[in-house]
Each structure stands twice: as C-alpha cells, then as structure tokens.
Amino acid sequence: MMISTRGRYALRVLVDMAENQKDGYIPLKDIAARQEISEKYLESIVKILVKEKIVTAVRGKGGGYRLGRLPEEISVERILILTEGSLAPVACIAENPVCRRMPDCRTLNLWRGLDQVVHEYLAKYSIRDLMSRTDGGFDYVI
C-alpha cells in the first residue's frame with residue numbers, strides 16, 4: 001500500500017493547523033510556506049477537509065482555516081480514507097467487490113486480515129498523537 005502525497009500532506013496540514021491556530025484562522029499561504037507545499041495543491045486538500053467539517057474556513061481579511069474539531073478527535077484513519085479513497089490492500093476487499101473467484105479464494109482471508117490490521121493501527125492515532133515528538137517514531141517528516 002502506498003499513501004499518496006494527498007494523504008501525507010493532509011496529515012501535515014492538520015498537524016500544522018493544530019500547532020499554529022491559537023485563537024485565529026491561519027491563511028493557507030502561511031501553511032504552504034511552513035510545509036513547503038504548493039498553495040494550489042493545498043487548496044484541493046483543504047476543500048475535502050472543509051466539506052467533511054474537519055476544518056472550518058472564513059473568507060476575507062483575518063480569514064483562513066482552522067480545525068473544526070479537537071486534534072484528539074481527528075483520526076489518521078479517517079483522514080487517509082477521505083484523501084485516499086480506499087485503504088484496501090487489494091481490489092477484492094474494497095467496497096462492492098466483484099470477483100467470481102471469491103467463494104474459492106485461498107488468499108481472501110489474508111487480505112481481509114491485513115486490511116483489518118491497517119485500519120486498527122491507523123485508528124489508534126489522532127492528529128494530537130502526531131503533534132507529540134516524545135516518541136522516537138515521530139521524528140521523520142512525511
């Protein structure tokens with residue numbers, strides 16, 4: 001499984017907002033500059049997050065973006081599903097699978113198990129967890 005830049009950048013943007021929003025809204029250009037990501041590309045990512053009410057937006061002077069929920073309420077799993085679509089390791093376990101071999105498939109349970117492990121692992125982490133730098137596993141920037 002490969003997580004695209006859209007998924008990775010969405011997580012970076014949310015962590016950035018959580019760390020920098022204080023009491024106001026953050027202009028997207030500020031986030032783009034700090035994260036070294038194209039502002040135009042970030043617009044497409046933030047649009048998804050606003051639609052799902054994970055992020056709120058205000059236009060005009062003093063406007064920008066901020067989290068619509070507390071960082072601990074935003075799961076990594078949810079963000080990756082929103083930005084990636086499916087996290088299924090193979091097509092046959094994605095939504096509405098069509099495979100004539102499923103009834104006799106010897107590997108189906110393997111893929112279902114892997115899918116379950118991935119979802120359970122990602123669901124354990126929130127944006128708040130990604131903000132923490134005390135665990136040595138979180139010192140690499142994606």
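Me: What does aspartate 115 touch, not counting residues up to four places away in sequence?
Reply: In this predicted model, aspartate 115 touches Leu87, Ala88, Pro89 and Ile93, with those sequence neighbours left out.

Me: Which helix is aspartate 115 in?
Reply: Helix α5, covering residues 108-123.

Me: And is aspartate 115 buried or exposed?
Reply: Aspartate 115 is buried, and has no salt bridge. Arginine 112 is the nearest side chain of opposite charge, and that sits 8.1 Å away.

Me: OK, on to the largest nonpolar core. Which residues touch the most other members?
Reply: Leu14, Met17, Leu42, Ile54 and Ile79, out of 31 residues in that core. Helix α1 gives the most, with eight residues.

Me: What is isoleucine 79 in contact with, leaving aside neighbours within four places?
Reply: Ala10, Leu11, Leu14, Leu49, Ile54 and Ile74.

Me: New topic: how many aromatic pairs are there?
Reply: Two. In one, tyrosine 9 and tyrosine 41 have ring centres 5.7 Å apart and planes at 80 degrees, so that pair is edge-to-face.

Me: Where do tyrosine 9 and tyrosine 41 lie?
Reply: Tyrosine 9 is in helix α1 and tyrosine 41 in helix α3, so the pair links parts 32 residues apart in sequence. Tyrosine 9 is buried at 17% relative accessibility, while tyrosine 41 is partly exposed at 28%.

Me: What about tyrosine 121 and tyrosine 125?
Reply: Their pair is tilted, at 5.1 Å centre to centre with 55 degrees between the planes. Tyrosine 121 is partly exposed, at 44% relative accessibility.

Me: Last one: what sits over the ring of tyrosine 25?
Reply: The charged end of arginine 66, 5.6 Å from the ring centre.

Key
Residues numbered from 1 in each chain as written. Predicted model: local features only at pLDDT ≥ 70, side-chain atom pairs only at ≥ 80, totals over all residues. Heavy atoms only, no water. Helix = DSSP H or I, 4+ residues; strand = E, 2+ residues; numbered from the N terminus. Buried < 20%, exposed > 50% of the residue type's maximum accessible area, 1.4 Å probe, protein only. Lys, Arg positive; Asp, Glu negative; His and termini not counted. Salt bridge = Lys/Arg side-chain N within 4 Å of Asp/Glu carboxyl O. Contact = heavy atoms within 4.5 Å. Core = buried A, V, L, I, M, F, W, Y, C linked by side-chain atoms within 4.5 Å. Phe/Tyr/Trp six-rings, centres within 6.5 Å; stacked < 30°, edge-to-face > 60°. Lys NZ or Arg CZ within 6 Å of the ring centre and 35° of its normal.
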